[in-house]
Amino acid sequence: MSATPLTHGLEVEAAVEPIIAWRTWALTGKRDGTDLLLRPVAGRSRPWKPMQPAEAVCKHTRLHSSPNVGCTCGLHGTHGIDILRRTRCPAVLGRVALWGRVIEHDHGFRAQYAYPQLVTLVCQFCFWQWGTHGLSPSLVGWFPRDVLMPLCSTHLEQARRYGMEPRRTLPADEVELRLRETYAVDPLVYW
């Protein structure tokens with residue numbers, strides 16, 4: 001790895017290996033658990049296509065390449081899992097490879113290109129409360145707009161009590177296997 005100074009007081013390092021970081025995604029798919037897509041948890045960003053690297057595009061302005069030092073654009077990954085517990089509607093937790101132009105910041109990285117390496121489904125309510133120490137999802141609920149939400153049995157019952165009834169439920173292990181096959185990635189095992 002070599003380093004050269006930049007005019008903004010930053011260093012540029014060239015590396016041959018991708019940077020590995022943590023990330024969460026929302027999950028969408030058909031009612032039978034097919035056509036699965038990983039979607040960013042923030043905003044209305046494009047889904048990550050299977051078997052193709054995701055490429056960053058700035059949503060704020062198209063006048064600069066992404067990621068840019070003076071913007072928040074880029075494909076995000078974090079140093080650790082704990083910060084991801086605050087993400088909106090996480091359904092999938094994973095390790096992601098980042099490459100191309102990569103900018104490091106306090107909580108992680110913003111990259112030009114990315115692709116998942118390891119993934120697992122998470123019950124978002126368990127993940128918010130206990131992180132990786134929560135229960136594994138047993139079912140995946142299919143909701144309007146093809147939103148798939150992995151839930152442990154306790155949180156599925158709680159969701160039903162509060163009127164959040166899935167239109168259909170699928171076995172979580174089958175959906176996770178399909179997801180891994182769709183993206184050709186390995187399982188993330190941390191339990």
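The largest pocket of this predicted model has a volume of about 920 Å³. Its lining comprises 34 residues, and those closest to the pocket centre are Arg23, Pro40, Ser45, Gly74 and Leu75. At least two lining residues are supplied by each of strands S3 (19-28), S5 and S6. Strand S6 gives the largest share, with four residues. Sorted by class, the lining of the largest pocket contains 15 nonpolar, twelve polar and seven charged residues.

**The loop between S5 and S6**

Ser66 is located in the loop that runs between strand S5 (54-55) and strand S6 (75-78). With a relative accessible area of 6%, Ser66 falls under the 20% limit and is therefore buried. From this position the side chain of Ser66 reaches the backbone nitrogen of Gly74 at a distance of 3.3 Å. Gly74 is also among the residues closest to the centre of the largest pocket. When neighbours within four places in sequence are left aside, the contacts of Ser66 are Ala56, Val57, Cys58, Cys73, Gly74, Arg101 and Gln112.

Pro67 likewise has its place in the loop between S5 and S6. The relative accessibility of Pro67 is 2%, and Pro67 counts as buried. The C-alpha atoms of Pro67 and Arg110 are separated by 6.2 Å, although the two residues are 43 residues apart along the chain. Arg110 is also one of the contacts of Pro67; with neighbours within four places in sequence left aside, the others are Cys73, Gly74, Arg101, Ile103, Ala111 and Gln112.

**Ala54 in strand S5**

Ala54 belongs to strand S5. At a relative accessibility of 10%, Ala54 is counted as buried. Residues up to four places away in sequence not being counted, Ala54 touches Trp48, Leu75, Gln112, Tyr113 and Ala114. Of these, Leu75 is listed among the residues closest to the centre of the largest pocket.

**Aromatic pairs**

Four aromatic pairs are present in the structure. Two of them are set out below.

| Pair | Arrangement | Centre to centre | Angle between planes |
|---|---|---|---|
| Trp99 and Tyr113 | stacked | 6.1 Å | 20° |
| Tyr115 and Tyr183 | tilted | 6.3 Å | 50° |

In the stacked pair, Trp99 lies in strand S7 (residues 92-105) and Tyr113 in strand S8 (residues 108-121), so the pair ties together parts that are 14 residues apart in sequence. Both partners are partly exposed: Trp99 has a relative accessible area of 31%, and Tyr113 has one of 25%. Tyr113 is also among the residues that Ala54 touches.

Methods: Residues are numbered from 1 along each chain as its sequence is written. This is a predicted model: local features need pLDDT of at least 70, side-chain atom pairs count only at pLDDT 80 or more; totals for chains, interfaces and linings use all residues. Side-chain values use heavy atoms; hydrogens and water are left out. Buried means under 20% relative accessible area, exposed over 50%, partly exposed in between (1.4 Å probe, protein chains only). A polar contact is a pair of N or O atoms within 3.5 Å; within protein, one must be able to donate a hydrogen and the other to accept it, and residues adjacent in sequence count only if both atoms are side-chain atoms. Contact means heavy atoms within 4.5 Å. On a 1 Å grid over the protein atoms alone, a cavity is a set of points where a 1.4 Å probe fits but cannot get out, and a pocket is an open set with protein on both sides within 12 Å along at least five of seven lines; lining residues have an atom within 4 Å of a point. Grid points are joined across faces, edges and corners, and a volume is the space filled by probe spheres set on the points. Ala, Val, Leu, Ile, Met, Phe, Trp, Tyr, Cys and Pro count as nonpolar, Asp, Glu, Lys and Arg as charged, and the others, Gly among them, as polar. Rings of Phe, Tyr and Trp (its six-membered ring) pair if their centres lie within 6.5 Å; planes under 30 degrees apart count as stacked, over 60 as edge-to-face and the rest as tilted.
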